[in-house]
Amino acid sequence: MRMTFSQAIEEAIAYAMAQDERVIVFGEDVHLLRMNLLARFGPQRVMNTPISESAFLGAAVGAAMAGLRPIVEVMLVDFIGVCLDALLNQAAKVEAFSGGRWRVPMVVRASCGGGYGDAGQHEQCLWGLLAGIPGLAVVVPSNPADACGLMLASILNNSPVVFLEHKLLSDYWLLYLGSGGRKNVSFDVPSDGAEGEVPLPLSAVPIGSAKVRRAGKDIAIITLGVSVHRALEAAEKLWGRGIEAEVIDLRSVSPLDSEAILSAAAKTRRVLVVDEDYLGFGLSGEVAAIISSSGIQSSFARIGPLQAIPYARHLEDEVLPGADDIFRAAFDLIQR
Amino acid sequence: MDEIKLEKLYSQMARMRSFELAASDLWQRGMISGELHLGTGEEAVVAGVVAHLVEGDAMALDHRSTPPLVARGADIKLLASELLGWQDGICRGRGGHMHLFVPDLLSASSGIVGSSGPLGVGFALAASRLRPGKVAVCFFGEGAMNQGMMLESLNLAVSWKLPLVFVCKDNGWAITTRSKDVTSGRLERRARAFGMPSWRVNGLRADKVWEASRRAISRARAGGGPAFILARCTHLDGHFLGDPLLRVLEDPVGQMREIGEPLIKSVASEGATWKEKVAGLGSIGKTISVVALERRLRKLDPLEVTGKLLGDKALELRAEAESEIEAEVAKALKGREGL
C-alpha cells in the first residue's frame, strides 16, 4: 500500500497499540503530533508531557521496567542532550547490571537531520553518539517500508531502541519546521524516501540488517537515511562514467551489520562511507575499523560534517553531503 | 515613573515590533528558510526589563532573541543580515535567529528550552567576580519552568547569591500544549519557594514590568541576590510562524479536510472505549477553541495596552520606530534582493 514516511510509522504504532495495551505514547505536543492515535486510543495511552525531558524520558525507563512498553518522543534528537542520563546511565545499563534479568522495552522516537535551514541545534543526527552507548539499538530508516518495519521491530524489541526519522522524509516535520505552510521555499526531498510502497500485512524489519539498494563491483558506498538517496543519485552519475557503484543502506547504526559491510568491501575493494552525522569518532570510523580488523584489503574514504551545521542554506549545503560530493569522493577513490 | 520614560519604553517596544514584522515579511517572502519564532507580544516585558540594563550587564536569551537585542541597541542592519543568512550578518550567517551571539553586549541566545537559566547563572557569577555592581538577566517562557536545568538554576543562583534576574514570559502555551495542563502549582510561588523575591506582573504593561524590574535589578546590583519576575503576555504570531494551530484558524475548511479524514478513520478503528475516544477528540477540540478565543482578544497586544497610556503620542512614536527599522533593514537588503 502506498504511504508517506510518516503514515508508515503511524500505521506501525497504531497496529502495535491495537495488539498490545501496554504500548503507550508520550512526549511533547503528542496531542497535536499524534492526533490520530489520540482519537483512536484516548488520552490514557497518548499523553502530553511538559518540556521536562529528564523526567519523562527517565519515567519511560521506569515504566518499561515495570511492565509498560512506552514509545517516548523527544521531538528533535538534538534535545537528547538535556536528558541523556536516562539513556546513557539508566536505560542502557539495566539489562547489563541485572545480569540480563531485567529488560527495558522502550522506543525513543525523535526526528533528525538537516537541509531546511534550522542550524545545528535542531539539525543534528547524533546516531554515532547514541550508538556508541552499549545497550542501545539505533535505527535510521530511509523509506516508508523500512520506517514501518523498523518501528514494528523497535516496539517488539525487549531492549531500548532509538528510532530516528529524518525530517526531509517526514512531511509534517518539514511542514512545521521548514515551510510553515509557505509555497515559496523548497527543500531537496528524496521522493522515493518520503513516499513509497509498504508491504501488507505489516511485518517487522529485523534490527541490525543492512540492505543493498544498488549492486555494483567497482566501489561500495555505505550510508543510511537521506544520504542513501543522495548516494543512489551519485551512483547513477558514476554509471554514466563507466563506474559500477554498490549502495548499501545500513538501516541500523547499532547493531551494525558487519557482514554486509565486509562482503561489500571484499567484493569492491573500495569503500566510501557517507554520513550525515559528525565525521569524527563516529559511524564512518567504526566501518573502517570493522574492515581493517577483518584483514580485507580495501581502500577507504569518508565524507560528512566536520563542524556545527551552519544556519544559512548555502553554508549548510557545503557541510551536508550531497550527490555531487559523493560523486566526487567516489571518483577520487577510484582514481587513487 | 514619569512620562518621558514611558515614551522611551514605548519607543523601544515599537522598534522591537517593527523589527519582528520586518523579519516576518522576509520569512513570508521565502528569504528565511526554517523556523522563525517571533517575539511579537513580548515587547512590554522586554522593554521594561532591558531599560534598566547598563554597559557590562549580561543577557541570557531564549529562541525569541531578537527583541531584547533590538532593545539593547544591537545593530539592526547586522541582525537583519544574519536572519537572511549573509556573511556580513552579526554571526556571519552561521547562527540565525535562534543562535544570536553578541559579545559586545554580553548577550547570547539558544534554541534549547531552559538553557538561558544556567547561562544566566554563569553570566551572573562572572559579573560578581569581575564586574561588581553589574547584573545578568535571563529570559525564558513558562514552558521552561518545567525544565530541570531551569529549576536547578533557580536553586544555584540563590545558593550563590548571584546578581541574576529571572524573567519568565508566561504566554500560557508550551509550544502547542496548554501549560496549565502540564504544570503544577503557581510559578511565582514556585520561585519564592527557592528563597528569592518573586513578582507577578501584567506583561502587557511596560510600566508595570519596569517597576518590578527596577526593584529586582537594583536589589541584585546591591548584592541582594536573585529575583524572579513572572510576566503574563501572549504570542501574537503563535509559537512560530506557520504555527499549525493558527493555520487551522486561518483556513479551517482546508485544514479540516486534511486533518478530518484520517481523524474520522482513527476514531472508527478498533482502539479505546468510546469514552476515551471522546476524551481524546475533546482535547483536540479544546486546544483549537482556546487558541481561537485568544485570537479574538486583541486587547492582548502590549503595543495597544501600553500605547493607550500615551494617547496619540503612541502613533507618532510608532511611526518613528517603523521608519528607523525599515531603513536599516532596507540597508541590509540593498543590492541583494532576489539573491
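1. Strand S4(A) and strand S5 (residues 107–112) of chain A pair in the parallel sense over four bridges. Strands count as paired if DSSP finds at least two bridges between them. Ile71(A) stands opposite Val107(A) in S5(A). Helices (H or I, at least four residues) and strands (E, at least two) are DSSP runs, numbered from the N terminus.

2. A word on the basis. This is a predicted model, in which local features need pLDDT of at least 70 and side-chain atom pairs count only at pLDDT 80 or more, while totals for chains, interfaces and linings use all residues. Residues are numbered from 1 along each chain as its sequence is written, chains are lettered from A and ligands numbered from 1 in the order in which they are written, and side-chain values use heavy atoms, with hydrogens and water left out.

3. S4(A) also pairs with strand S2 (residues 23–27) of chain A, in the parallel sense over five bridges. Here Ile24(A) has Pro70(A) as its bridge partner. Eight of the eight residues of S4 (residues 69–76) of chain A are buried, so the strand is largely enclosed by the rest of the structure. Buried means under 20% relative accessible area (1.4 Å probe, protein chains only).

4. Arg34(A) sits in the loop between helix H2 (30–33) and helix H3 (35–41) of chain A, 39 residues apart from Glu73(A). Both residues are buried. A salt bridge is a side-chain nitrogen of Lys or Arg within 4 Å of a carboxyl oxygen of Asp or Glu.

5. Chain B has a salt bridge between Asp62(B) and Lys169(B), with the closest N and O atoms 2.8 Å apart. The two are 107 residues apart, Asp62(B) in a loop and Lys169(B) in strand S5 (residues 164–170) of chain B. Asp62(B) is buried at 8% relative accessibility. Lys169(B) is buried at 2%.

6. Now the interface. Chain B puts 53 residues in contact (heavy atoms within 4.5 Å) with 46 residues of chain A. The area buried between them is about 4000 Å², with 56% from carbon and sulfur atoms. Buried area is the accessible area (1.4 Å probe) that two parts lose on being put together, summed over both. Between chain B and chain A there are zero salt bridges. Helix H12(B) gives the most to the side of chain B that touches chain A, with seven residues.

Definitions and conventions:
Buried means under 20% relative accessible area, exposed over 50%, partly exposed in between (1.4 Å probe, protein chains only).
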